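Work through the exercises below with the sequence and the coordinates open. Each task is followed by a solution in steps.

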There are 2 protein chains.
Amino acid sequence: MNPLEEMGGENYLPGVSVDNVIFGFHDNQLKVLLLESKNGSHWMLPGGYIQKDESLDTAASRVLLDRTGLKKVFLQQFHVFGDPSRSKESLIKGAIKSLQIDVAKTHWFFNRFITIGYYALVEFEKVIPVPDKHSTSCAWKDIDKLPPLIFDHHEIIDRALVDMRHHLNYQPIGYNLLPREFTMKNLQSIYETILGRKLDRSNFTRKMLASGILDKKEKLYTGGAHKAPFLYSFNKQEYFKVLKEGFNNEF
Amino acid sequence: MNPLEEMGGENYLPGVSVDNVIFGFHDNQLKVLLLESKNGSHWMLPGGYIQKDESLDTAASRVLLDRTGLKKVFLQQFHVFGDPSRSKESLIKGAIKSLQIDVAKTHWFFNRFITIGYYALVEFEKVIPVPDKHSTSCAWKDIDKLPPLIFDHHEIIDRALVDMRHHLNYQPIGYNLLPREFTMKNLQSIYETILGRKLDRSNFTRKMLASGILDKKEKLYTGGAHKAPFLYSFNKQEYFKVLKEGFNNEF
DNA sequence: GTACTATTGTGTCAAATTGACCCAATAATA
DNA sequence: TATTATTGGGTCAATTTGACACAATAGTAC
């Protein structure tokens, strides 16, 4: 969240925001949903303030709904960013310019604020990106080709990736990231992107099938200039059982 | 942190605190450092507010130093607790009674506040517990025999344990928790306490030695009515290498 | 239709790791 | 000196991992 958005008087907690790192998956590439500042010089994470009687998770969900139209997705708090320098005056001034806001120098948001980072995993195709009032566009960006970001938003994304990588050790992933039916290669690409390294194809398949969270479909995927791969879907019951009880996911 | 402590005017961020779950190890038992409220009815986590120009980590370190006299220990942010009900009026009133504070009903801390949870691993013998101005004593409590705690402090401790358990999957542990020299049983007890289950003794030894983070000492530990076990110390260089690069710690 | 390309499903196999034991050794104690 | 509790140091089968092999096949170029 950039601190420049209006607070709406007494309705929000002062000096605290949530920022969402919303991951999607398309063309076997991990992407992040970002907002473009009004003068087009910088991008930022979708974020928002926390209402007086709202839980942190609810605030993050609300932001997610506003920017994507999605409910009930995987949303996980991962870290608080509160370095005093993250909202230094010089940075604020740059942000004011980017966002083309007119504001008095005595405004409260020249004060320090902290932000709670959440990451979300969403189904790319279902998202309808909606800019907020301080941005001109809302779009997906490749995780390895990020545009210039305001404040410490690049650091927040990096940290989301690292923490997600650790969560991968004891949680399955993909349920909220892939369409209902997908190929093994799609799933493997997600793991490879998050882990930042290549995995052996047949060993990956072996392990995923052994976990029991996948249902093999009768249908095949056709379209590629090669042997048609199977389609899979997640076995919802098994998936959430494994999600709850944990499994060894060392790749 | 209980929200009743004075803020000292404009020196702190409003509505935000840090709370430390400080773990120590003694008699092969994991313990938490707690403060006793003035009327003795409840205990609480050592916590504090964040100074205007202080990072979150620094604030947590400061609290730790104040209550234990220790610097440079392992301190890790793990979760933010911000449920609106955690600081409901009824709870606050109970806390006011416990802490024997006289305060106007319009005081700011009747408002909602959030707290950032940190956990610390410290060497039990080196700690000099110091109560703060709202507590009569500061003492170690067994993790499985916790006294009644104010607000959501019990939940915070539980969450610290769960998160620490997950960190165990890719981080070594013990460096800040054990004295310079210790037995393999000491180390195993820490793992068993955090994981909440028994481990096979010789398999545990095998794995720890293979990790390379331990140096075997010439000396033996004597005192028990049985064969004298070896003493070990951490190989600092290897320990931090593994801490940084990660290792598979599945037990 | 035919050859070619890219990628797939499946299988193999040695190496490494894990889990479940066993046993002789020994410090303190009775 | 015998007993007890716990240790260091194994063994061994079962399982998992990592690296690779190979035939099958959907599209594409011709």
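Which of the 22 residues around DNA strand D come nearest?

**Solution 1.** The model is predicted. Of the 22 residues around DNA strand D, the nearest are A:Ser202, A:Arg206, A:Lys207, A:His226 and B:Ser202. Within 4 Å of the protein, sugar and phosphate make up 45% of the atoms of DNA strand D.

**Exercise 1.** Which helix supplies the largest share of the surface near DNA strand D?

**Solution 2.** Helix 5 (201–211) of chain A and helix 5 (201–211) of chain B each supply at least two residues of this surface. The largest share, 4 residues, comes from helix 5 of chain A. By residue type, the surface near DNA strand D divides into 5 nonpolar, 8 polar and 9 charged residues.

**Exercise 2.** Carry out the analysis for DNA strand C.

**Solution 3.** Of the 22 residues around DNA strand C, those that come nearest are A:Phe230, B:Ser202, B:Arg206, B:Lys207 and B:His226. A base oxygen of DNA strand C is 3.0 Å from a polar backbone atom of B:Lys227. Helix 5 of chain B gives the most to the surface near DNA strand C, with 4 residues. The residues of this surface divide into 5 nonpolar, 8 polar and 9 charged.

**Exercise 3.** By what turn and shift can chain B be laid on chain A?

**Solution 4.** The superposition takes a turn of 180 degrees and a shift of 0.0 Å along the axis, with an RMSD of 0.1 Å. That is the relation of a two-fold axis. The same surface serves both copies, since 100% of the contact residues of chain B recur in chain A.

**Exercise 4.** Which parts of chain A does the pair of A:Tyr175 and A:Tyr239 tie together?

**Solution 5.** Over all chains the count is 28 aromatic pairs. A:Tyr175 and A:Tyr239 form a tilted one, 5.1 Å centre to centre with 40 degrees between the planes. A:Tyr175 lies in the loop between helix 3 (153–167) and helix 4 (184–195) of chain A, and A:Tyr239 in helix 6 (residues 236–245) of chain A, so the pair ties together parts 64 residues apart in sequence. A:Tyr175 is partly exposed at 24% relative accessible area, whereas A:Tyr239 is buried at 3%, because buried means under 20%.

**Exercise 5.** Where is B:Pro172 placed, and is B:Pro172 buried or exposed?

**Solution 6.** B:Pro172 sits in the loop between helix 3 (153–167) and helix 4 (184–195) of chain B. With a relative accessible area of 3%, B:Pro172 is buried. The C-alpha atoms of B:Pro172 and B:Leu243 are separated by 6.0 Å, while the two residues are 71 residues apart along the chain.

Notes
Residues numbered from 1 in each chain as written. Chains lettered and ligands numbered in written order. Predicted model: local features only at pLDDT ≥ 70, side-chain atom pairs only at ≥ 80, totals over all residues. Heavy atoms only, no water. Least-squares fit on C-alpha atoms with pLDDT ≥ 70 in both. Contact = heavy atoms within 4.5 Å. Near = heavy atom within 4 Å. Nonpolar A, V, L, I, M, F, W, Y, C, P; charged D, E, K, R; others polar. Phe/Tyr/Trp six-rings, centres within 6.5 Å; stacked < 30°, edge-to-face > 60°. Buried < 20%, exposed > 50% of the residue type's maximum accessible area, 1.4 Å probe, protein only. Polar contact = N/O pair within 3.5 Å; in protein donor to acceptor, adjacent residues only side chain to side chain.
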